Amino acid sequence: MAIRFYNTLTRQKEVFEPLTPGEIRMYTCGPTVYNYAHIGNLRSYLFADLLKRHLKYRGLRVFHVMNITDVEDKIIRSCVETGDTLDALTERYTQAFWEDLETLGLEPADEYPRATHHIDDIVALIKTLQEKGCTYTHEGSVYYRLRSFSDYGKLSHHRLEGLESGASGRVQKDEYGIEDARDFALWKAYDEADGPIYWDTELGRGRPGWHIECSCMSMRYLGESFDIHTGGVDLVFPHHENEIAQSEAATGQPFVRYWMHNAHLLVEGRKMAKSYGNTYTLRDLLEMGYDPIAIRYVLIATHYRQPNNFTFDAVEAAAESLARIRDFRLRLQETQGEGSDLSEAIASHEKAFSEALDDDLNISAALAAAFEFIRETNRRLDAGEVSEEAAHNANALLDRFDQVTGLFPPAEEQSAPDEVLTLVHERQEARRAKDFARADAIRDQLLAMGWAVEDTPDGPRVKRLLERHA
RNA sequence: AGCACAGUGGCAGAGUGGUUAUGUGCCGGGCUGCAAACCCGGAGACGCUGGUUCGAUUCCAGUCUGUGCUUCCA
């Protein structure tokens with residue numbers, strides 16, 4: 001079955017075929033590093049992560065680039081307000097961003113190019129656009145002349161006329177010296193308010209506009225045409241539309257084949273907004289005691305093109321689901337002896353799982369297949385009909401589910417300390433002597449120490465209690 | 001205002017023109033000394049109003065509500 005993705009460009013699901021068979025080049029619009037990423041930002045990157053992991057699982061090679069926007073209006077404002085240097089500020093939040101990605105279990109991109117490290121490339125690209133006649137300069141700033149690009153609007157399906165009328169209520173354009181209110185800056189001339197943040201280049205003193213860095217760095221690392229470009233829906237217009245205009249005007253080549261955009265995140269049914277006080281960062285949630293994998297679960301478990309309603313109930317439900325997964329894996333590890341081989345169940349559920357993801361990353365159907373496998377296998381384990389080898393193969397299937405989703409982690413070693421093992425032993429003695437009051441007291445004592453003991457036909461099983469939100 | 005997307009059981013969230021999503025929670029049962037884990041069963045849903053149809057949650061129209069974009073917010 002072919003892999004199909006919804007392409008914003010065509011507004012429909014299309015069969016996915018990379019430019020180079022077997023190799024995929026993808027670009028993700030990364031963070032503007034002036035603050036900690038909030039969970040809405042992180043949803044975007046988790047979507048790109050799932051996409052990348054699934055393509056790899058399908059045997060395709062993926063080269064993934066994510067930019068770091070480290071010069072931009074808000075960053076400059078923040079520097080001016082705090083007195084931080086640009087480098088100090090952006091480095092701090094870049095490191096924090098990478099920490100967040102690691103905490104949530106995202107696979108790193110292959111490259112994280114930064115705008116400030118590519119000023120020369122950006123200037124060169126702007127010069128190319130100048131040579132092609134699609135720019136003009138006003139008061140030291142270089143603007144892109146939108147009407148020079150006849151395909152403008154093909155991604156967002158905005159029509160230029162509509163945008164023009166939308167801008168009609170503004171001040172006379174002539175007063176700005178900009179030919180058209182829709183034109184955007186490629187290069188911004190230095191302003192006193194920028195303080196020490198500027199570059200002296202052939203274009204004069206100033207800094208790059210926002211859109212140009214993505215055109216520049218994506219093509220620098222991925223070529224003039226590449227396969228996939230991801231980002232949040234809010235970037236469709238104008239950011240990605242402008243990227244297309246810049247890139248295709250400069251190269252004459254189609255820029256990106258598949259544009260994929262994730263919907264936004266709601267929190268407790270409301271949009272995230274500072275005024276609601278619900279713009280959580282990952283750090284906020286960790287401080288509240290939530291498990292990062294449970295957070296990953298909630299952020300990834302909704303189809304990427306659907307609005308995802310982040311609720312604390314959902315995080316707690318996710319933590320329970322993860323406990324179920326862990327218990328299942330522990331059970332598989334303990335399984336010994338002869339029995340059926342499960343090969344049919346493994347094959348059919350893996351097929352359902354992977355074909356669901358082939359269908360525009362239908363994660364819900366994929367997770368349903370995984371949980372059906374767990375339930376059916378638990379039933380067989382209850383019946384004692386699973387062989388050690390089958391359990392091993394089932395565990396390997398869970399590894400593959402984990403490879404794609406990051407939601408089926410291998411069970412950690414449950415090496416209980418000696419004092420716990422001693423108590424477990426004492427409890428067994430008490431049970432053998434039918435001293436159940438003492439046995440139950442020891443069980444409570446162990447619980448208080450953070451260990452659960454469960455009796456199985458093969459003896460007691462000791463599990464570390466999962467951290468859960470109190 | 002224009003253009004999009006969405007509204008499913010307590011919560012989260014798929015899907016389908018007629019038959020169990022899945023997870024979590026709840027109720028009952030099995031297993032257990034009791035639990036836990038696990039299994040089985042159950043209740044509970046498709047915003048509202050019309051239309052098409054033998055039959056609609058699924059298609060169409062309208063309506064209400066929410067969300068996004070409309071120049072730099074993932």
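Strand β6 (residues 141-144) pairs with strand β7 (residues 184-189) over 3 bridges, in the antiparallel sense. Y143 stands opposite A185 of β7. The model described here is predicted.

The two strands belong to an open sheet of 5 strands, ordered β5-β6-β7-β9-β8, with antiparallel pairing. At the edges are β5 (135-138) and β8 (199-201); each has a single partner strand, so one side of each lacks a neighbour in the sheet. From one strand to the next the twist averages 35°.

Helix α4 (residues 119-131) packs on this sheet and touches β5, β6, β7, β8 and β9 (204-208). The direction of α4 makes about 125° with that of β7.

## Hairpin of β1 and β2

Strand β1 (residues 4-7) and strand β2 (residues 12-15) run antiparallel and are joined by 4 bridges. F5 has E14 in β2 as its bridge partner. Between the strands of this hairpin there are 4 residues, and R11 takes a positive phi near 55°.

## Helix α7

Helix α7 covers residues 210-222, which makes 13 residues. From its first C-alpha to its last, α7 reaches 19 Å, close to the 18 Å expected at 1.5 Å a residue. After α7 comes G223, which has a positive phi near 100°.

How much of α7 is buried? With burial taken as under 20% relative accessible area, 10 of the 13 residues of α7 are buried, so the helix is largely enclosed by the rest of the structure. The buried residues are H211, I212, E213, C214, S215, C216, M217, S218, M219 and L222. An α-helix has 3.6 residues a turn, so residues three or four places apart point the same way. In α7, the buried residues include H211, C214 and S215.

## Contact of α1 with α14

The axes of helix α1 (residues 39-57) and helix α14 (residues 388-405) come within 7 Å and cross at roughly 135°. The two helices are therefore oblique to each other.

On the α1 side the contact is made by L50, R53, H54 and Y57. On the α14 side it is made by R400, D402, Q403, V404 and T405. By class, the contact has 3 nonpolar, 3 polar and 3 charged residues.

Note on methods: Residues numbered from 1 in each chain as written. Chains lettered and ligands numbered in written order. Predicted model: local features only at pLDDT ≥ 70, side-chain atom pairs only at ≥ 80, totals over all residues. Heavy atoms only, no water. Expected span 1.5 Å × (residues − 1). Buried < 20%, exposed > 50% of the residue type's maximum accessible area, 1.4 Å probe, protein only. Axes fitted to C-alpha atoms, helices over the stretch in contact; angles between N-to-C directions. Parallel < 35°, antiparallel > 145°, perpendicular 65-115°, else oblique. Contact = heavy atoms within 4.5 Å. Nonpolar A, V, L, I, M, F, W, Y, C, P; charged D, E, K, R; others polar. Pairing = 2+ DSSP bridges.
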